Amino acid sequence: MTNAYLDVGMQSRMNRIINPKDNRVVMLAVDHPYFQGPTTGLRNMSNTIKTLLPYCDCLMTTRGAVRSNIAPEDLGSKPIMLRVSGGNSVLFDELSDEKLTVTIREAIRMDVAGVAVSVYVGSANQQQTILNLTDMINQAEEYGIPVLAVTAVGKNMARDLRYLSLASRMCQDAGARIIKTYYCEEFSRLVDAVAPTAVVVAGGKYSSPPDALQMAYDSVQAGAVGVDFGRNIFQDDNPVGMIRAIRAIVHDNHTVREAMDIYTACLPGAVKLD
Ligand code: 5RP
């Protein structure tokens, strides 16, 4: 096929995010301070990014972190998925009160591969957050920049197939190129419901290496293109071992047991991140 039939800018950026050789991605989420402030594992954000950047395929982060916490020599070494929604904080129970926080012009200037917007379906601010997503899609598509929709879940919302499929399908219909959601039982039904749109799975709160690796394994087995994990990597006692084990599952189809062997082999000398 010739490129004449493709939106080449969009395809080029999608290829930078999701490896076209295996259609898989290990995205590292370090965007949490935008509403959580100094999160454990991200207090020394520059060190966390320096330590883990070599092992991720794509870094999901914020404008401030790109400016202040990626070493100049590392800029451009990995594609950036830039969070462009915010306005909330952990000080309020209702997390859904977000608006767009970064312009498309700024995202282009920063040479990002994609932009990410959270959508809180079923929340007090459902319409506002869906319109954040569609506004950004309208702007980003003009420049061939993919939009990743985060199916964010408020404190009182269920993380089950019914809810997550509803939210994911709504994001697909809005025009998102990649959907980030949580793992749930019968996850392949969610992937089928939004096919062929790429799905990546969020890690959620820190659990344990075997549980997080099992979630990564189950996600890709169910058809996800990969994971966008944060806390289960940077809050682990062995963060490099953890991200290397996740890579083995996502890119090399390792079992959880094989991935745990990689994790264990990295334990001597493991350095916890602040
Ligand atoms: C917050 C986000 C985070 O990036 C997401 O939750 C992934 O991080 P973790 O694996 O720690 O849950 O999008 O809205």
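Trainee: How many nonpolar, polar and charged residues does the lining of the largest pocket have?

Mentor: The lining has 13 nonpolar, seven polar and eight charged residues, where Ala, Val, Leu, Ile, Met, Phe, Trp, Tyr, Cys and Pro count as nonpolar, Asp, Glu, Lys and Arg as charged, and the others, Gly among them, as polar. This is a predicted model, in which local features need pLDDT of at least 70 and side-chain atom pairs count only at pLDDT 80 or more, while totals for chains, interfaces and linings use all residues. Residues are numbered from 1 along each chain as its sequence is written, and side-chain values use heavy atoms, with hydrogens and water left out.

Trainee: Which residues lie nearest the centre of the largest pocket?

Mentor: Phe35, Gln36, Arg159, Tyr182 and Arg231 do, out of 28 lining residues. Helix H2 (33-36), strand E8 (178-182) and E10 each give two or more residues, and H2 supplies the largest share, three residues. Helices (H or I, at least four residues) and strands (E, at least two) are DSSP runs numbered from the N terminus.

Trainee: What makes one space a pocket and another a cavity?

Mentor: On a 1 Å grid over the protein atoms alone, a cavity is a set of points where a 1.4 Å probe fits but cannot get out, and a pocket is an open set with protein on both sides within 12 Å along at least five of seven lines; lining residues have an atom within 4 Å of a point. The largest pocket has a volume of about 630 Å³, a volume being the space filled by probe spheres set on grid points joined across faces, edges and corners. The structure also holds one cavity of 30 Å³ or more; the largest cavity is lined by Leu53, Ile70, Asp74, Leu75, Gly76, Lys78 and Ile80.

Trainee: Why is the unit of E6, helix H6 and E7 called right-handed?

Mentor: E6, H6 (126-142) and E7 make a right-handed β-α-β unit, so, with the strands pointing away from the viewer, the path from the first strand over the helix to the second runs clockwise.

Trainee: What makes the eight strands a barrel?

Mentor: The strands close in the order E1-E2-E3-E6-E7-E8-E9-E10, with parallel pairing. Neighbouring strands of this sheet are turned by 25° against each other on average, direction ignored, with axes fitted as lines to C-alpha atoms, for helices over the stretch in contact, and angles running from 0 to 180 degrees between N-to-C directions.

Notes
Two strands pair if DSSP finds at least two bridges between them.
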